[in-house]
Amino acid sequence: MHVKTKQTGTEVVIPVPAEFRIAADMTYAVEKLADGTLQYRPQPTFPKIWQDPASELARFNKMIGAQDDGQNYGREHVAD
């Protein structure tokens, strides 16, 4: 199967055939490999909770009784 690139403004678009069943509005990381191959990797989508302000997350944690000292947020991965 072959597809033809198209110029759209300042971008070049590579169409994806419908038979691949790729959903619209997906986000992909793209990398150009040493041999010129373009590699596309789908990126995960996270639930909207990860976009909530820290104050809302703190309120929710307090409501469910979760302990949070407010100092280790973002430091969950501790080097051995």
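A pocket is defined on a 1 Å grid over the protein atoms alone as an open set of points with protein on both sides within 12 Å along at least five of seven lines, and its lining residues have an atom within 4 Å of a point. The model is predicted, so local features need pLDDT of at least 70 and side-chain atom pairs count only at pLDDT 80 or more, while totals for chains, interfaces and linings use all residues. Residues are numbered from 1 along each chain as its sequence is written, and side-chain values use heavy atoms, with hydrogens and water left out.

The largest pocket is lined by 15 residues, and nearest its centre lie Ile14, Pro15, Val16, Ile22 and Tyr40. The lining comprises 13 nonpolar residues, one polar and one charged (nonpolar: Ala, Val, Leu, Ile, Met, Phe, Trp, Tyr, Cys and Pro; charged: Asp, Glu, Lys and Arg; polar: the others, Gly among them).

Strands are DSSP runs of E with at least two residues, numbered from the N terminus. Strand β3 (residues 28-32) pairs with strand β4 (residues 38-42) in the antiparallel sense over five bridges (pairing requires at least two bridges found by DSSP). Ala29 stands opposite Arg41 in β4. Five residues separate the strands in the hairpin of β3 and β4, where Gly36 takes a positive phi near 90°.

Two salt bridges are present (a side-chain nitrogen of Lys or Arg within 4 Å of a carboxyl oxygen of Asp or Glu). In one, the side chains of Arg41 and Glu31 meet at 3.5 Å, N to O. Arg41 lies in β4 and Glu31 in β3, so this pair ties together parts 10 residues apart in sequence.

Notes:
Helices (H or I, at least four residues) and strands (E, at least two) are DSSP runs, numbered from the N terminus. On a 1 Å grid over the protein atoms alone, a cavity is a set of points where a 1.4 Å probe fits but cannot get out, and a pocket is an open set with protein on both sides within 12 Å along at least five of seven lines; lining residues have an atom within 4 Å of a point.
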